[in-house]
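Let's take a look at this one together. Have the sequence and the 3D view ready as you read.

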Amino acid sequence: MLRFTARRLLFAVPTLLAVMTMVFVLVRIVPGDPAQTILGDQASAEALQIMRERLGLDRPIWEQYLEFMGGVFTGDWGQSMVTGKPVLDEILRVLPYTVELTIASLVIGSLIGIPLGAWSALHRNQWIDYLTRVGSLLGLSFPAFVSAILLLIAFSIQLRWFPVISGGGRATFSEWALSLALPAINLGLIMAAYITRVTRSSMLGSLGEDYIRTARAKGVPMRVIVWRHAMRNALIPVVTVVGLYLGILIGNSVLTEIVFNRPGLGKLIVGALGQRDYTLLQGLMVIYTFVIVVVNLMTDLTYGLIDPRVKYQ
Amino acid sequence: MKLTRLTAGLALASGVALGALTAPQALAGPDTNILNVGIAAPDAGRLDPHLSATTIDKAVFGWMFNGLVRFKPGTASPETIEPDLAESWTASDDGLVWTFNLRKGVQCHHGYGELTAEDVVYSLNRAADKERSSFSSDFGVFASVEAPDTHTVKITLKNPVPSLLGLVTNYHGGNVVCKKAAEEMGADFQKRPIGTGPFMFGEYTPQQSLKLVANPDYFRGKPALAGINYQYIPSDSARDLAFQSGELDMVYGKQDQTWAERTKKMDGAVVHVMEPAEMSVMYLNMASAPLDDIRVRRAIAMATNRDQFMEFKGRDVTRVANSPVPQGYLGHADMSEVFPGYDLAGAKALLAEAGHPDGITLKVIHTALPGMLGTMEVFQAQMAEAGIKLDIEVVEHATFHAQIRKDLSQVVHYSAARFPVADTYLTQFYHSASTVNTPTGITNFAHCAVADAEIEAARVEQDPAKQKALWKTAQEKIAAELCGVPIYENLQIWATRDNVDLGYDLIGSLTLGPPVTETTQFRK
């Protein structure tokens, strides 16, 4: 398993290199001048030139490229072009916010999705099944920013349970929970929709297997059949989907972070894109790629936990 | 794995989390005596008044810094300039030597000591240094800045300028920073900017907020507010909802009629519409055919229906533009008579006369910013009626800014507010030296060059009446040449809760945000 992990991480290196090169080229192909965004539209051509020199944008492109690639591996990710702060600091500052949001919504999604999916499968073609399927379809097709605003209107304006500006406060536990709750519910509901659908179809598959019939014939209690026999086997596709959709979750977290005004990678990347902050964008893309690689690896490793037959070589 | 146990554990954990949600709401402004302000931006820029010129940061600088002189709070007209750090000033007859007498006992924030002439000299030199300032070109006319004694500042100019006082107001490079702090911190000054204003730097949380605290030693008296919490909220809906829920006491508004109307109807909300206006102009690139023909440009002007724009943008937040220089600027002259009125048949006839009976097609690059794009779409429809087809390529905002500066768009829709003296607008948009795609280029998209002589002469003219006359001639020439078609002027919009007493009448603010002064307070 250790060798498997090491090999998988090694495979990630060329992926990272390719992404870094692409990102480096892409952010520079897009028209727009970081110096102009920093100095504003009244800046003279001379002031812009000085700013470009200060940012190192006047140097040959290959020189900038080598410096960037070298920097990533030596831990020097450069400084944000707009704020002048080290890129790595900026990213590490907000990374915990995104991680906790992702985990919280994953937990909410699984808590709702897995039981609901199983329940739906057990009551196939009954009204509860139809209701679940319609509900999850609704969850899948709802844009994250719309549901976010609806949640704000309901819980912050009407009921006044949560502040509108959650701001990611974390001084006390209640402040932390208050700021995390709505964004996590927003993403969690979307996640729940995905998980419900996969769990349902996967459960239907395993409930139709011969060993289930055998277990029933032997008089095994229904509770044990469902949870120990059917569910364990149905979970593998669910884990795969959860792993895959973590990517989608990160994408949706961009919108969620903006609407709830929560710090995080998503908010950072949108700001960096608008301001053409090349260095920050590059750093963020490296992190995103790395996160996806790690999530995929963790998904593969989870298979072994669920199904002892899975061997890593 | 025991799934049931796992599920139970998770359920328990979330139960604990939910239990915590009964915690009390964040305190609203009046309870804490802190003014909560929401701005439409993801984050601050560089928090150094000599570096950043963005709308987001300018308002804050206005609360933290002083100039030698200032615009009377709530106004944005150079005619209301009054003493700030300087108690009085004199100018030599030729307008080249200016002497300012400083107020005594002004304290720099956070114990950096009394402000003296040395600080002012340092600050103005810093603002003039292109390595440390974005406004260095404004100060190119300074020959020297000296401190004859601790409370006197002498500025000597190379040649007279249209508004020396304008350069030393609490705006852009005129903001005075404290020397000791700036030297001590160097490039880190933006992490803890030190000035002399009513509010001083408290704490900055990236992408979240900038907290300012009241300056107890402020020379006009201790502020009534305890502090300001300036919050960066890029999402329009989140900002509006936070204002509605009372979490924000003051909020940046959208320059949009529906926003103004909706917010006015909100309980306890006051909408402020203020100067300076941002003027929307369609600049016509006269270096490109067929716009090099004045008859074509005239046809475009005749096909423009300004009334329709007013209906579209809303009369509460916009007014018709009538000159190459926005209204309210020192030296503005109404050119309604010079610009051709709306006349669709005339426009078609003129196009035919210019050899385009079947109409023309113009290439336009435009930003995707919704507020601006809507205007361009109305313009496109109006032009189409006269047989002028606009081929619009919609690009992202930063791309737009880069491409229009490379001469790639035949019609450039630009919306801007500048320092309210005719010279700034005339120089940046209509002087040949500012032509885009040249080394000295700024924002002369039209390649306009008809009024260089008047613009330059007015810059050094000492007699205000003659100066105004020169500016008027410049505007006449530019309007007659049709370097651009001014459409409308969009005013700045903010909203406050009705328990906020700004302490002055808000007519305008050059920093584009309402000043928060020592008298601003919550009504009991």
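Accessible areas come from the Shrake-Rupley method with a 1.4 Å probe, and for residues only the protein chains shown count as cover. On that basis, chain B has an accessible surface of about 19400 Å², with 53% of it belonging to carbon and sulfur atoms.

Keep in mind that this is a predicted model, where local features need pLDDT of at least 70, side-chain atom pairs count only at pLDDT 80 or more, and totals for chains, interfaces and linings use all residues. Residues are numbered from 1 along each chain as its sequence is written, chains are lettered from A in the order in which they are written, and side-chain values use heavy atoms, leaving out hydrogens and water.

So what is inside chain B? You'll find 16 helices and 19 strands, which are DSSP runs (helices H or I, at least four residues; strands E, at least two) numbered from the N terminus. Its C-alpha trace spans about 80 × 80 × 45 Å along the principal axes. Of the 524 residues in chain B, 60% are buried, meaning under 20% relative accessible area (1.4 Å probe, protein chains only).

| Domain of chain A | Residues |
|---|---|
| domain 1 | 2–87 |
| domain 2 | 93–306 |

The centres of domain 1 and domain 2 of chain A, taken over C-alpha atoms, are 32 Å apart. Their contact (heavy atoms within 4.5 Å) takes 27 residues from domain 1 of chain A and 20 residues from domain 2 of chain A.

Terms used: Buried < 20%, exposed > 50% of the residue type's maximum accessible area, 1.4 Å probe, protein only. Domains from an automatic or database assignment.
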